[in-house]
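Welcome! Try each task yourself before reading the solution.

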Amino acid sequence: MRPGAQQYVVARQLYSEDSFTENHEKVYRQRKTMLDHFKQYLTWDAKRAKNAALSLLPIISWMKIYQIKKWLISDIVSGVSTGLVAVLQGLAYCLLASLPPWYGLFSAFFPVIIYFFLGTSRHISVGPFPVLCLMIGSVVTRLVPDVGPPANITGFEGLSMDDQRVLVASSLTFLVGIMQLAMGVMQVGFVVMYLSDTLVSGFTTAAAIHILVSQLKFILGLTVPGLSGPLSLIYTLEIIFNKITSTNVCDVVISLVIMVVVFIVKELNDRFKAKLPFPIPIEVIMTVIACGVSYAFDFKTRFGIEVVGFIPQGYEPPMAPDLDIFQETVVEAFPMAIVGFAVAFSVAKVYSVKHDYTIDGNQELIAFGASNIFGASFKSFAASTALSRSAVQESTGGKTQVAGLLSAIIVMIVTLAVGFLLEPLPKSVLGAVVIVNLKGMLMQVRDVPYLWRRDKPDCVVWLATCIASIFLGLDFGLAVGLGVELISVVLRAQFPRCSVLANIKGTDIYRDRKDYIDIHEPEGVKIFRIPSPIFFANIDFFRTKLVEAVGFNPLRVLRKRNKAVRTIRKLLKKGDLQWTSKGFTNASCRPLKELEDESNIEELDMPTDFKDLPTRIDWNADLPANISVPRVDLHSLILDFAAVSFLDISALKGLKTALKELIRVQVEIYIVACDTYILQKLHDCSFFDDEVLPSMFFLTLHDAMLHILQKHPERTEEKSHNDKIITSVTIHHPGGSLRSRDRHAPETKF
């Protein structure tokens with residue numbers, strides 16, 4: 001590096017892969033086999049046992065560094081604030097699951113206790129999540145509908161409708177927990193990576209629309225049966241519109257007042273969050289006011305408003321899940337396990353980055369799996385995290401899961417002692433609170449124009465996921481979205497944007513020839529870049545693009561040449577053609593014509609054989625007997641493999657065939673920047689033979705170019721001479737006028 005200048009000078013020898021290997025000795029590394037990895041996995045020592053214990057019980061790690069004087073007060077304030085919100089959201093989100101409201105308090109308590117010991121995130125608030133509750137509700141209403149008999153399940157005998165629904169929800173939650181725990185034990189936490197932010201955004205937006213529609217019956221005070229399955233949202237809206245004349249005006253007024261006040265205060269919380277010590281718990285305040293007003297004016301009797309009603313004090317005894325329900329719900333349970341974990345992990349990752357600590361995806365799966373199994377035993381439903389509740393826990397100063405434990409204690413106090421105070425609470429208030437909290441998810445619609453401008457395939461994934469989830473249901477919608485996302489990834493890899501590169505004059509840099517003006521392209525040389533892995537699905541596309549880049553079909557040219565050689569050989573044998581010092585001459589009085597070739601087409605694909613001919617044929621010169629063979633001005637082709645991360649067996653066969661076709665028409669092939677492991681795989685798979693040689697591999701693109709220019713100096717000198725001509729270039733700038741620019745193309749120095 002020259003001091004004070006943004007330039008560097010490098011002097012080194014020209015390297016092919018073979019010469020580089022000869023001059024630089026590699027470190028030999030013993031590769032571990034699958035058996036070695038399995039033995040290592042089964043080998044335990046004291047250190048590994050200690051690490052495993054710390055991994056399974058993250059509480060040990062963060063409790064050792066817990067700063068009581070600095071963190072305890074913050075955790076207490078955060079725990080109380082989060083606990084009040086958790087009580088309200090537990091009651092509200094329970095309506096989405098089509099269960100009696102007080103079971104939401106169970107879901108805000110039991111899972112939190114287990115996560116306190118097993119979870120790695122210090123800031124998320126575990127408990128009901130509206131999307132998950134809605135997915136549970138669709139299963140509950142499918143097995144125990146509002147109208148008609150329940151499903152034929154033995155465990156339903158002798159139970160009321162509410163008890164049947166609780167059994168379905170808890171058994172489903174137990175199954176979700178088993179799946180999450182199994183995935184965590186098998187270390188497959190990476191599965192969440194297949195759910196992109198775009199897919200999750202489209203899915204949660206559709207879920208928000210489902211939630212909004214499901215809460216309209218509480219806002220309007222209507223009796224609407226719970227529906228599930230494809231087009232259930234359309235059917236629900238139809239029923240609501242048919243019953244719109246039966247709307248309870250008092251419910252509507254209460255809901256509108258609650259929504260307006262809560263929305264305004266939440267906006268003020270966001271605007272002045274830097275100045276407020278903690279957000280104003282407006283949902284809790286409005287709930288308390290609504291309870292008092294409803295009790296004082298007896299809304300239930302005077303206006304026919306549906307209220308929360310009797311809330312039993314204390315907890316119910318544990319209950320075993322029903323195996324028949326497992327069989328009925330296994331299909332729905334898997335997407336619920338994935339969604340619940342994906343949302344919680346995404347939120348946890350945001351806070352871990354903000355507060356500089358690490359989270360473990362596999363341990364999070366174990367934590368949520370154990371939490372759901374434990375909670376399901378006490379009749380709670382599947383838990384994840386609510387975005388708004390986690391934001392409260394973090395923004396009010398929560399430092400660790402001590403805040404989460406304290407929030408669970410607040411929920412426990414309400415359940416054991418003061419739950420009766422919530423009995424006069426109108427359900428329309430809970431519905432209004434749910435709808436107001438949907439703002440963040442509904443506003444994700446604004447992502448669509450941005451995605452369309454920036455990345456159309458991602459936009460298609462968003463729209464497909466959202467539309468499918470709206471009309472087909474959340475479970476099928478998630479599957480459709482995942483399928484579209486995987487198809488988009490496959491298509492991007494299957495149809496990559498291949499390009500022809502050129503040298504930026506005066507540098508060792510090569511860029512797409514379409515993007516730059518001041519470029520240098522040596523005559524007879526093409527540089528073809530493949531920007532993706534090569535595998536069975538895109539090898540044919542790669543070969544098609546390669547033919548387009550070189551400007552001719554090598555197989556067609558080879559067959560034409562072989563036919564021409566056989567014609568010349570026959571004419572020489574018959575005496576109609578003779579070889580002289582001046583070339584081939586016509587020895588017959590009649591004009592010579594190209595003879596019909598009846599040989600096997602497969603033989604025409606073999607390398608051109610010049611034996612029995614007096615000389616090799618110059619295919620770019622005039623040929624005798626009116627023989628026509630396409631000209632090939634290309635003498636060297638460079639394949640840039642810098643972006644090729646893997647090759648499969650099908651790709652190896654297709655690549656070798658393509659290279660052989662080019663080599664047989666006398667085009668020299670050079671492959672550059674090939675990954676070491678791909679090169680080793682080529683050796684292991686017997687890729688090389690008498691035609692395809694290891695010597696065609698070069699370390700860098702510039703090394704290969706220098707080698708070509710040394711090998712074909714006459715072409716370079718001719719091109720350099722032409723480059724010295726002063727030319728006038730007209731460039732059209734979009735939105736501007738035409739500008740003419742004279743330039744002198746200097747001789748390129750490599």
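**Exercise 1. Two crossing helices**

How close do the axes of helix H8 and helix H9 come, and at what angle do they cross?

Solution. Keep in mind that this is a predicted model.
- Step 1: Find H8 at residues 130–143 and H9 at residues 161–185.
- Step 2: Their axes come within 9 Å and cross at roughly 130°.
- Step 3: Angles over 145 degrees would count as roughly antiparallel, and 65 to 115 as roughly perpendicular. H8 and H9 are therefore oblique to each other.
- Step 4: The crossing in which H8 passes H9 is right-handed.
- Step 5: On the H8 side, the contact is made by Ile136, Val139, Val140, Thr141 and Leu143. H9 contributes Arg165, Val168, Ala169, Leu172 and Thr173.

**Exercise 2. Checking the span of a helix**

Work out what span the 29 residues of helix H5 should have, and compare it with the distance between the end C-alpha atoms.

Solution. 
- Step 1: H5 covers residues 68–96.
- Step 2: The expected span is 1.5 Å times one less than the number of residues, so H5 should span 42 Å.
- Step 3: The end C-alpha atoms of H5 are 39 Å apart, which agrees.

**Exercise 3. Positive phi in loops**

Are Asp298 and Lys379 buried, partly exposed or exposed?

Solution. 
- Step 1: Recall that most residues other than glycine have a negative phi.
- Step 2: Asp298 has a positive phi near 50°. Asp298 sits in the loop between helix H13 (282–297) and helix H14 (299–303).
- Step 3: The relative accessibility of Asp298 is 34%, so Asp298 counts as partly exposed.
- Step 4: Lys379, also not a glycine, has a positive phi of about 65°. Its loop lies between helix H16 (361–377) and strand S2 (384–385).
- Step 5: Buried means under 20% relative accessible area. Lys379 has 16%, so Lys379 is buried.

Methods
Residues are numbered from 1 along each chain as its sequence is written. This is a predicted model: local features need pLDDT of at least 70, side-chain atom pairs count only at pLDDT 80 or more; totals for chains, interfaces and linings use all residues. Side-chain values use heavy atoms; hydrogens and water are left out. Helices (H or I, at least four residues) and strands (E, at least two) are DSSP runs, numbered from the N terminus. Buried means under 20% relative accessible area, exposed over 50%, partly exposed in between (1.4 Å probe, protein chains only). Axes are lines fitted to C-alpha atoms, for helices over the stretch in contact, and angles run from 0 to 180 degrees between N-to-C directions. Angles under 35 degrees count as roughly parallel, over 145 as roughly antiparallel, 65 to 115 as roughly perpendicular and the rest as oblique. A crossing is left-handed if the near helix is turned anticlockwise from the far one by less than a right angle, and right-handed if clockwise. Contact means heavy atoms within 4.5 Å.
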